[in-house]
Amino acid sequence: MNQPLDILILEDRLSDALLLLRELRRGGFTINHLVVDNAADLKSALEETEWDLILSDYSMPGFDATAALKIVQTYGLDLPVIVVSGIVGEDAAVAAMKAGARDFFSKDKLTRLVPAVERELREAAQRRRRHEAEARFATAFHASPVGIAISRLADGQLLDVNARFLEIFGYTRNDIIGASDTGSELWAQPEQHDQIVKQLRQAGAVRNVEIAVKKKG
């Protein structure tokens, strides 16, 4: 496979870190790694390098996985953390998962390591693609020369509008975001809303329908 992997390991025992690295290399990863065991070094590592994944022991002298997870979250990073620990207990597992760990298993179950890493890399890539698509949509939505509004199907509440929509109809965002657009304020013919909702539920899409919208005032 020879998949490159930039991995940050939180571990106070070098021998245990080497076992993790050996297992990952056996699984086909080409690894760039750093081993740290305290909060200050973790922060420096996060600031200096873009990592694919963190493997963390649960408990280290003066530091633990839950503290590490809080630090990762303060940096706003979508960085998967897998806890591989010598301490295996329900309380420890629950604490780690509540703090944001993506997985938790014992150091004597390293056969789980490669599948867990592969899964987290795959899911992280999917999240990045989704975020990139959302960012592209947001750019196009707000820059469009056409007035666009996004509303909720159930009650017609407006969730977002672009600047061109506000310019055309004379509203401000405070006027209409979060307010129902099913009444007289926006729809010139309120009965159209019910008709469109019915078509959407039946056919899944409505195209080329003209809707009369009232201007403010």
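Modeller: N208 is found in the segment after α8. This is a predicted model, where local features need pLDDT of at least 70, side-chain atom pairs count only at pLDDT 80 or more, and totals for chains, interfaces and linings use all residues. Residues are numbered from 1 along each chain as its sequence is written, and side-chain values use heavy atoms, without hydrogens or water.

N208 is exposed, at 82% relative accessible area. N208 is not a glycine, yet it has a positive phi of about 55°. Most residues other than glycine have a negative phi.

L200 sits in α8, which spans residues 191-203. (Helices, H or I with at least four residues, and strands, E with at least two, are DSSP runs numbered from the N terminus.) L200 is partly exposed, with a relative accessible area of 28%. Neighbours within four places in sequence aside, L200 is in contact with L153, A205 and V206.

Next, the whole chain. The protein has eight helices and nine strands. Its radius of gyration is 25 Å, well over the 17 Å of the globule rule for 217 residues, so the protein is more spread out than a compact globule. (The radius is taken over C-alpha atoms; the rule is 2.2 Å times the number of residues to the power 0.38.) Along the principal axes, the C-alpha atoms fill a box of roughly 70 × 35 × 35 Å. Of the 217 residues, 36% are buried. Among contacts with a separation of 6 or more, 57% join residues 24 or more positions apart.

The largest nonpolar core has 24 residues. (Such a core is a set of buried Ala, Val, Leu, Ile, Met, Phe, Trp, Tyr and Cys residues joined through side-chain atoms within 4.5 Å.) L8, L10, L42, L46 and I54 have the most contacts inside this core. The elements β1, α2, α3, β6 and α4 each give two or more residues to it. Helix α3 supplies the largest share, five residues. A second, separate core has 20 residues, including I9, L20, I31 and A116.

Look at α3 itself, residues 65-74. A65, T66, A68, L69, I71 and V72 are buried there. The buried residues of α3 pack against several elements: β1 (3-10), α2 (39-48), β3 (53-56), β5 (63-64), β6 (81-85) and α4 (90-99). Just after α3, G76 takes a positive phi of about 65°.

Residues up to four places away aside, L10 touches V36, L42, I54, L55, S56, D57, M60, F63 and A68.

One last stop is E120, in helix α5, residues 113-143. E120 is buried, with a relative accessible area of 1%. Beyond its neighbours within four places in sequence, E120 is in contact with L53, P80, I82 and R102.

How values were computed
Buried means under 20% relative accessible area, exposed over 50%, partly exposed in between (1.4 Å probe, protein chains only). Contact means heavy atoms within 4.5 Å.
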